[in-house]
Structures are given as C-alpha cells and as structure tokens.
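Reader: I'd like to learn how the labels on a structure get decided. Can we go through some of them together?
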Amino acid sequence: MDIKGKIHSYESCGTVDGPGIRFVVFMQGCPLRCKYCHNPDTWKLSDGKDIEVDEIVREAKKYKSYMKFSKGGITVSGGEPFMQPEFVKELFKRCKDEGIHTAIDTSGCIEVDKVKEVLKYTDLVLLDIKSYNDNVFRDLTGISNEKTLNLAKYLTEIKKPTWIRYVLVPEITDNMEDIESLAKFISGMDNIEKIEVLPFHKLGEYKWKELGYNYELENIPVPKEEMVEKVKTIFKYYCPTLV
Ligand code: SF4
C-alpha cells in the first residue's frame with residue numbers, strides 16, 4: 001500500500017522556496033510555535049488531509065517541463081516536513097527516479113537520526129535558523145535551538161548543499177551581536193550555498209485571528225530597508241560569497 005502523508009496543500013508554480021520553478025507541498029504538523037508564523041493553520045498534524053505519495057508525484061510530474069527549463073523541482077515545506085520522515089523519504093525517492101530535484105524547507109528541530117534516510121534523497125536543504133541565541137530562539141518558538149544547530153553540523157558533515165534562511169524581526173531577531181554569532185557559525189560550514197535574509201511580514205496575521213490565537217507581534221513593524229541591508233552586510237562580512 002502506498003504511504004500516505006498528512007498534507008495541508010500543494011501548489012504548482014512556487015518561486016520562493018528553492019531554485020527555479022517548484023512544485024511546493026505544504027506538510028501538516030509543526031512542533032514549533034513561532035510568533036511570526038504565517039501558516040499557523042499547519043500546526044496540528046491531525047488537521048491534514050491524507051494524501052498518497054503517488055498523487056503528489058503524479059501532480060508534480062505535470063510540471064516537469066517547467067522544472068527542467070527553470071532548473072527547479074519539488075520542495076516540501078510546512079509546517080515541519082521532517083515530522084513525517086517516512087512520507088518525505090518515499091516522495092523524494094520517487095521524485096529522484098523521475099529526475100526531479102528535491103528540496104526540503106525545515107526549521108531543523110528534529111533528531112538527526114530520524115532524518116538521515118530522508119537526506120539521502122534530498123538535493124537541497126533550506127534550513128531556517130531562527131536565532132543563534134538560545135534564549136531568543138526559545139522565546140520566539142517555544143523550544144531550544146539545540147536540534148537545529150545539531151542538524152546544521154550534520155549537514156556540513158555529509159556535505160549536503162544547504163541554504164540558510166534568517167527571518168529578520170525588529171525588536172526580536174535584530175540583535176547585531178546574535179547575527180554576528182550566527183554569521184561566524186555559518187562561515188565555518190563549507191556546504192552552505194546561500195544565505196537568505198527574509199524581512200518579517202504580517203501576511204498570516206489574519207489566520208491567527210481566524211483560529212482564535214493571540215498574535216503577539218501586532219505592534220511590531222516590518223523592518224526598514226536600512227535594517228535589512230545592515231544585517232546583510234554582517235553576513236557578507238563573514239560569508240562574502242553567500243549573500
Ligand atoms: S517552524 Fe515554520 S510552520 Fe512551524 S511555527 Fe515556525 S514558522 Fe510556523
């Protein structure tokens with residue numbers, strides 16, 4: 001019997017989660033509770049639709065010519081896709097058989113041993129490091145950054161191509177010393193291909209209200225362009241080719 005996953009949704013022509021044009025699968029379930037999450041409707045695993053690997057592969061294959069032309073592929077995002085490692089492994093295995101590039105967008109909050117098999121079929125990891133400062137990370141997400149940093153080290157060990165993503169939130173993740181510590185950490189990793197600084201936005205705020213959750217960042221502004229540039233400058237200083 002084909003493996004089923006708990007899926008929130010999928011979309012055919014994503015352009016922001018990895019290279020080229022991508023088929024993006026939003027998996028259901030996440031162990032974090034990030035204050036800036038724009039997909040709080042993906043948090044509860046049980047809210048997902050049961051979908052077989054076969055259906056996703058069949059849908060994704062329809063866009064193979066776009067993927068080929070744009071050097072794109074498939075990305076699993078979420079939620080936290082590593083919460084369903086068996087499903088993602090099977091999906092990626094089938095995509096590799098079809099010659100489709102595979103990427104996973106993850107917070108990295110997972111035991112390394114649970115995802116080693118998935119990583120064998122993963123071409124690119126988009127790793128969100130929400131803060132290098134554990135106190136800030138805990139306050140922002142509800143848990144420690146230990147697993148994320150462990151996964152980052154493992155990805156370097158196995159030389160897995162990785163992009164680092166950093167969401168810049170004024171008053172929360174804009175501490176320049178924390179950013180400098182993260183930049184130094186990344187500079188010691190030779191598997192990193194890119195660093196993306198993502199300015200905080202409030203596009204998901206309405207979902208928090210619809211779900212009856214308390215959105216704490218209501219009064220936090222989006223970052224000014226100068227702040228984004230300053231943060232990029234720090235990353236560029238330590239990792240000149242990655243920003
Ligand atoms: S890891 Fe992603 S999906 Fe999970 S709470 Fe944070 S922003 Fe939302």
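Reader: What makes E4, H3 and E5 a β-α-β unit, and which hand does it have?

Author: Keep in mind that this is a predicted model. E4, H3 and E5 form a β-α-β unit, and it is right-handed. The term applies because, with the strands pointing away from you, the path from the first strand over the helix to the second runs clockwise.

Reader: How do you know that E4 pairs with E5?

Author: Pairing takes at least two bridges, and E4 and E5 have 3 bridges, in the parallel sense. Ile74, for instance, stands opposite Thr102 in E5. E4 also runs parallel to strand E2 (residues 22–27), joined by 5 bridges. There, Val24 has Thr75 of E4 as its bridge partner.

Reader: Why is strand E4 called largely enclosed?

Author: Buried means under 20% relative accessible area. In E4 (residues 73–77), 5 of the 5 residues are buried, so the rest of the structure largely encloses the strand.

Reader: What about H3: which of its residues are buried?

Author: Phe87, Val88, Lys89, Leu91, Phe92 and Cys95 are buried in H3. The helix covers residues 85–97 and spans 18 Å from first C-alpha to last, close to the 18 Å expected for its 13 residues.

Reader: What does Leu91 touch?

Author: Leaving out residues up to four places away in sequence, Leu91 touches Val53, Ile56, Val57, Ile74 and Val76. Leu91 and Ile74 are also among the residues with the most contacts inside the largest nonpolar core, which has 51 residues. Another core lies apart from it, with 18 residues, including Leu32 and Tyr36.

Technical notes
Residues numbered from 1 in each chain as written. Predicted model: local features only at pLDDT ≥ 70, side-chain atom pairs only at ≥ 80, totals over all residues. Heavy atoms only, no water. Helix = DSSP H or I, 4+ residues; strand = E, 2+ residues; numbered from the N terminus. Expected span 1.5 Å × (residues − 1). Buried < 20%, exposed > 50% of the residue type's maximum accessible area, 1.4 Å probe, protein only. Core = buried A, V, L, I, M, F, W, Y, C linked by side-chain atoms within 4.5 Å. Contact = heavy atoms within 4.5 Å.
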